[in-house]
Amino acid sequence: MENGGDKASATITIKGILALLMETIDGKDKRKAISLGMGDPTTYSCFHTAHVAEIAVVDALQSQKFNGYAPTIGLPQTRRAVAEYLSRDLPYKLTSDDVFVTSGCTQAIDVALAMLAHPGANILLPRPGFPIYGLCASFRHLEVRYFDLLPQNGWEVDLDAVEALADNHTVALVIVNPGNPCGNVYSYQHLEKIAETAKKLRIPVIADEVYGHLAFGEKPFVPMGVFGETVPILTLGSLSKRWLVPGWRLGWFVTTDPTGMFRKPKVIERLKKYFDILGGPATFIQAAVPRIIEQTEEVFHKRTTYLLKQNSDFCCDRIKEIPCITCPHNPEGSMAVMVKLNVSLLEDISDDIDFCFKLAKEESLIFLPGTAVGLKNWLRITFAADPSSLEEAFRRTKAFYQRHAKAD
């Protein structure tokens, strides 16, 4: 599988490349610009958070009890609520001592890599994947080794490649489930194989579950922490996606590790000291979390996954009408799909980056080039948008293809 270049992964950010694409849009185009490049559903009116979440935040703020500093690892009631929430799906119970509150999942990623980094260490990252991991690794002087996700197998992990890449200096294996950017959801059986492989290699698993429970295919979401007794797991997550509030920056770093590797006193002390230099979420946002988790009705979550499923199906149908892009595996979760770009069908398009910049300029439409997530000549398309925007986006994409298609 052709990749986007490992060095590029250490410098590219999604927000950075999307900003450049936005600057390319022709200001004279009277049509509304449509961006399907960022996983922020709040841009669209059909996606909004639960009413109880808004009330909980307002009540916490107006109580005037949460205007001061919170403990650097998070409010006790927030940590307890997250522990209870995650424990619902585990064969063991977490406690508040296992939970550290972070400023979004991105800060949880930084914490995980900072805690594991040491001179000469390397980390195994998925390709395609979320580029923040590569960027954080470069800041921590962690060598990155990429293993492929296999589109023909539903973007499953190439476990043979993982075994070949790992050595005595490997500090962790990163798994993103439900998948970003691929929209995959891993089965219990595949996650079990991942756990057994990590155990064999004697490395912990970093489980990025920021899209946790946003599964709408045949396979249910299974948290990696289910296998915490097989191999130590660091679980990263947030309210951002499931509650549709990415701007609230409420995330968590959790040691789902009943065997105790990350519960050693020296490890805990180091974690706490590192959190002393971090800035966590606003105290009143933290204070609202217990009520948000406890009182959000299931119908809210079901509505979100229903909308995502409808949008995903719509996108896959429209993709079939545009010859230069194909979808090897329909999404089963999260908010995005990876599609293969066939530049050989296009007259004057050299690669995925060229495609996306010309699409932005000519059609005021933004997709994320696959190079940004590690795969050259692929595109990531976010479907967390209102149906009318998706309809217009694919109409413009089809027109763009017809304009640039090679003559028969």
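Residues are numbered from 1 along each chain as its sequence is written, and side-chain values use heavy atoms, with hydrogens and water left out. Because the model is predicted, local features need pLDDT of at least 70 and side-chain atom pairs count only at pLDDT 80 or more, while totals for chains, interfaces and linings use all residues.

Reader: At what angle do the axes of helix H12 and helix H13 cross?
Author: Two packed helices are described by the angle between their axes and the distance between the axes. Helices here are DSSP runs of H or I with at least four residues, and strands are runs of E with at least two, numbered from the N terminus. Axes are lines fitted to C-alpha atoms, for helices over the stretch in contact, and angles run from 0 to 180 degrees between N-to-C directions. H12 (residues 352-363) and H13 (residues 387-404) have axes that come within 11 Å and cross at roughly 110 degrees.

Reader: Is H12 roughly parallel or roughly perpendicular to H13?
Author: Angles under 35 degrees count as roughly parallel, over 145 as roughly antiparallel, 65 to 115 as roughly perpendicular and the rest as oblique. The crossing is at roughly 110 degrees, so H12 is roughly perpendicular to H13.

Reader: Is threonine 305 buried or exposed?
Author: Threonine 305 lies in helix H11 (residues 298-319). Leaving aside neighbours within four places in sequence, threonine 305 is in contact with His213, Leu214, Ala215 and Phe216. Buried means under 20% relative accessible area, exposed over 50%, and partly exposed in between (1.4 Å probe, protein chains only). With a relative accessible area of 16%, threonine 305 is therefore buried.

Reader: How many residues of strand E9 are buried?
Author: In a regular strand the side chains alternate between the two faces of the sheet. Leu250, Trp252, Val254 and Thr256 point one way from E9, Gly251, Phe253 and Thr255 point the other way, and all are buried. The count for E9 (residues 250-256) is 7 of 7.

Reader: Which residue stands opposite leucine 250 in E9?
Author: Two strands pair if DSSP finds at least two bridges between them. Strand E2 (residues 99-103) runs antiparallel to E9, joined by 5 bridges. Opposite leucine 250 stands serine 103.

Key
Contact = heavy atoms within 4.5 Å.
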